[in-house]
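Dear colleague,

I am passing a structure on to you with this email. Please look at the sequence and the coordinates before reading the notes below.

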Amino acid sequence: MMAWSTPPYLLADVSVRRVMLQVLVALLPGIAAYVWLIGPSILVQLVIATLAALLGEAVMLRLRRRPLLLFLTDGSAIVSAWLIALAFPPLSPWWLTVVGVLFAIVIAKHLYGGLGQNPFNPAMIAFAACIVSFPALMSQWPALGLKLSLAEQFEIIAGLAPRIDAMSGATPLDALKTALKLGEGAVDVPTLLANQDVFGNFAGRGWEWVSVGYLLGGLWLWQRKIITWQTPVAFVGGLTLLAAILWAWNPQQFASPLFHLFSGGSLLGAFFIVTDPVSGSTTFRGKLIFGFLAGAIAYVIRVFGGYPDGVAFAVLLMNLCVPLIDMYTQPPIFGMKNPK
Amino acid sequence: MLAQLFRFKGGVKPQTNKTISVQEPIAQAPLPARLFVPLHQSIGGAPNPLVQAGDTVRKGQLIGGADAWVSAAVHAPTSGRVLAVEEHVAAHPSGLPTLSVVIEPDGRDEWIERRPVDHQSLPPERVRELLRDAGVVGLGGAAFPSHAKLTPARSVAMEQLVINGAECEPFMTCDDMLMRERADEIVRGIAIFRELLAAREVLIGIEDNKQEAIAAMHEAVLRLAPDYRVVAVPTRYPAGGAKQLIRVLTGKEVPASRRSTELGVQCFNVATVYTAYRALACGEPVLSRIVTLTGNVERPRNWEVSLGTPMREVVALARPRADTGSFLMGGPMMGFEIPDLDAPVVKATNCIIAASPGLFPPPPPEMPCIRCGACAEVCPHELQPFELYWFSRARNFGKTQEYYIFDCIECGCCSYVCPSHIPLVQYFRFAKSEIWAREREKQAADAAKERFELRNARAEREQAEKAERLARAASARTSEKKAPPERTNAVDSPPAAAAGEPAAAAATDADAIRKAAIAAAMARARAQRELAQPKNTDRLSAEQEREIAAVEARRGAQPATPEATAGAAGSGAPAGPQRGE
């Protein structure tokens, strides 16, 4: 007799592992731009994060008495790890990355029941926990033009070399916000963007192309039907709509929607964070609501809040609302669309 | 011939694997040494056996008569001798036995007298009866008695009659071959159904991967009934589901809560229509069916197999390969593993697939649901299978019903695409059967509760009546005894005695009145208590209700109810022993 006896006996050639693998592949264009334009240290961070994630996953699986190999190789922990590495400053000390990853895997994922059970996006939990706990380290981004070899970068990450001032720049978003605040209305956005070398063609120098990389990867994921269009489109819509309104009202004090779209975690968030099926909404209308509000909240936090970017908190806030959103956005079923 | 087609949402496109079994025409399967004809081959009532061991039967002779309106007759597939009417393993995933007529063919294959009828000369009710008695049931696999679907709704005109030749299940080609080879009979059969339903138009839906069948049907329609429309529908599983095909051809969506006739549409499988034609125009009841033998076999092909032929003998015709592990009845999406090849071919046996690990690899281990929503994308009924899965798993059956679990047609699309390899359909079947079981339990508990309350009410009433009787009797005695002393006093009694006697009588009377009053008060109090008591049985959990039902059942099973009788007789503590149980 066969190993199973329940229909259907045919299965499509799909698996969780393959889904996760494709998400990792989709991150490669962004990572390539990152390495090219920002620095190869991100590769070190990716390795550290991956190892920490697998270790945390293995320990938790063992403690929870779950099949080790099956879940270690499903790729979900590596996806979380890579997203954390990409969200953290590339020259963060190794232990910061490890703390973030372990927080995500152990607390945000396994304490809630492991794969598929976490109500919050693990990567965003890691980001939120670390930016609250280590605000200084989480705000130290490499200054532009910082010329360090991979070996030197590795030494900094490993804590073997002192953290020098030159490497602690700010993100373009942060630079803009700080400059506007210091200028107290005396400076305007177009001048700042034109004069500071931290800004590039349409957003942050270098970072804008990393975002383009995420966009390409995201479009590929959509084309592969790993993600649906609703959440990313709604997220981008929420973010750019608010940005456009304020920019149209006062272009001197508010950056353009384009700047916001290609800055910070906007596009990484749009295609790789809010699209997380486990912690996101699942219905057609729910995805639109979830994405739109996440985008809008992210904008509010990054422009008016105290943190350099708002994607993480926006996503977590919306994760909280998912059960409610899903409950109220159940689609009508076959034959029930026009109840008579 | 240009028809506007509609889309149904969802669906999947598994490998069809159909070409292997359409290379040769339909062949007649040889008669086995023994036929095991189950009496219950359709949805609805089980027909009663009309023969017994030792009887000789002719081909086509009625051996099981329909016992209800939703039921269908069963006939002897050939002439021979009835060896037994006994339990025999059924073609069912459970492998449980069912009452079957065992026939030893005599090889002469002698027909009963066949009486062809002209359905147009008969009233519709008579035609429906004839179809029932000819054993015409849905041959698409559901085996629902066709005559029961052939009554149009009173208030809605029948707009479309949909004839289902879609055959969307992979591997299966029995309808394809039937349409290729016997298109004329099918088209003539459609006319019968169309007249019974007074349908305005006829739409014959065939998946566009069956070009030969489409051509054959088209040709037959042109010759015999030019106003029927043969429509090629896109090949996408489950396009052959009745509701999906109705949607594609008419744009109408039939929810689980309604009958399709209420929407002015009805759907029949091509093979069903074919058998209806044979039944009326040739007087031949349903004795055989086309079965696709395919899968891991040397010689895939369609066979016309006598009902009751053991699957073992049928399967041998196709010469299964050595690594065949098991056999499926039906298609790979909705079929089941045949637990025992001694089970016979029945009206629902449309396809037998030899399965091997190479053909149907065992599923990878089940992973947790990641809510990716792939299942919702492919669900043809636009349900949220992952939500149903969570609720089924959590045994939150109320929620599964809120999320329309009974609209699930168990097509298997969700399981097919699940990246976590969760056997979703199994969870839904589990939830459905649990809900049915609870429904039955609840009905039983409700009935028991009603019985209990009725009995209590009766006891109360009897007691109250008794108390009243006592009171009446007592007061009657009082007045009786009050009157006579005056008389005695007046006539001959001595004054002393006259003075003492009424006093004694008055004492006993007062006693009786007091007793009656107490009994009446107790009855009142009990009645009040009874009124108050339902409060704590109002909001019982299902668990508690089940317990109460069980207790009631136990009590019902006890030969007598001494406590209850004692209670009714007024022992003073009627509720005690019962509540304590």
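The notes below set out what was found, beginning with the conventions and then taking each chain in turn.

This is a predicted model, in which local features need pLDDT of at least 70 and side-chain atom pairs count only at pLDDT 80 or more, while totals for chains, interfaces and linings use all residues. Residues are numbered from 1 along each chain as its sequence is written, chains are lettered from A and ligands numbered from 1 in the order in which they are written, and side-chain values use heavy atoms, with hydrogens and water left out.

Chain A

The domain assignment of chain A gives domain 1 (16–169) and domain 2 (187–327); such bounds come from an automatic or database domain assignment. The C-alpha centres of domain 1 and domain 2 of chain A lie 21 Å apart. Between them, 29 residues of domain 1 of chain A are in contact with 27 residues of domain 2 of chain A, where contact means heavy atoms within 4.5 Å.

Helix 14 of chain A covers residues 266–273, and eight of its eight residues are buried. Helices (H or I, at least four residues) and strands (E, at least two) are DSSP runs, numbered from the N terminus. Buried means under 20% relative accessible area, exposed means over 50%, and partly exposed lies in between, with a 1.4 Å probe and protein chains only. Among the buried residues of helix 14 of chain A are A:Leu267, A:Leu268, A:Phe271 and A:Phe272.

A nonpolar patch lies on the surface, formed by A:Leu216, A:Leu219, A:Trp222, A:Trp229, A:Val233 and A:Phe284, with about 610 Å² of accessible area together. Patches are made of residues with over 30% relative accessible area and no salt bridge, like charges being joined within 9 Å and nonpolar side chains (Val, Leu, Ile, Met, Phe, Trp, Tyr) within 5 Å. A salt bridge is a side-chain nitrogen of Lys or Arg within 4 Å of a carboxyl oxygen of Asp or Glu. Accessible areas come from the Shrake-Rupley method with a 1.4 Å probe, and for residues only the protein chains shown count as cover. Helix 11 (residues 207–223) of chain A gives the largest share of the nonpolar patch, three residues. A:Trp222 is placed in helix 11 of chain A, and A:Trp222 counts as partly exposed because its relative accessibility is 46%.

A:Phe103 belongs to helix 5 (residues 94–109) of chain A. At 31% relative accessibility, A:Phe103 is partly exposed. Not counting residues up to four places away in sequence, A:Phe103 touches A:Ala108, A:Ile125 and A:Ala129. From A:Phe103 to A:Val210 the distance is 26 Å, C-alpha to C-alpha, and the two are 107 residues apart in sequence.

Chain B

Chain B has 581 residues, of which 50% count as buried, and its secondary structure comes to 17 helices and 17 strands. The accessible surface of chain B is about 26400 Å², with 54% belonging to carbon and sulfur atoms. Of the contacts in chain B with a separation of 6 or more, 75% are between residues 24 or more positions apart.

Chain B is divided into domain 1 (19–30 + 116–355) and domain 2 (367–458). Their centres, taken over C-alpha atoms, are separated by 30 Å. Nine residues from domain 1 of chain B and 11 residues from domain 2 of chain B take part in the contact.

Helix 5 (residues 242–250) of chain B is largely enclosed by the rest of the structure, because seven of its nine residues are buried. These buried residues pack against strand 9 (160–164), strand 10 (201–207), strand 11 (229–233) and strand 12 (265–269) of chain B. Just after helix 5 of chain B, B:Gly251 takes a positive phi of about 80°.

B:Pro116 sits in the loop between strand 8 (97–105) and helix 1 (124–133) of chain B. Leaving aside neighbours within four places in sequence, B:Pro116 is in contact with B:Leu280, B:Ala281, B:Cys282 and B:Gly283.

Cysteines

A disulfide is a pair of cysteine sulfur atoms within 2.5 Å, and the count comes to zero disulfides over all chains. The sulfur of B:Cys413 is 3.6 Å from the closest cysteine sulfur, in B:Cys411, which is too far for a bond. For B:Cys418, the closest cysteine sulfur is in B:Cys372, at 6.5 Å, also too far for a bond. B:Cys413 is buried at 0% relative accessibility, and B:Cys418 is buried at 9%.

With kind regards
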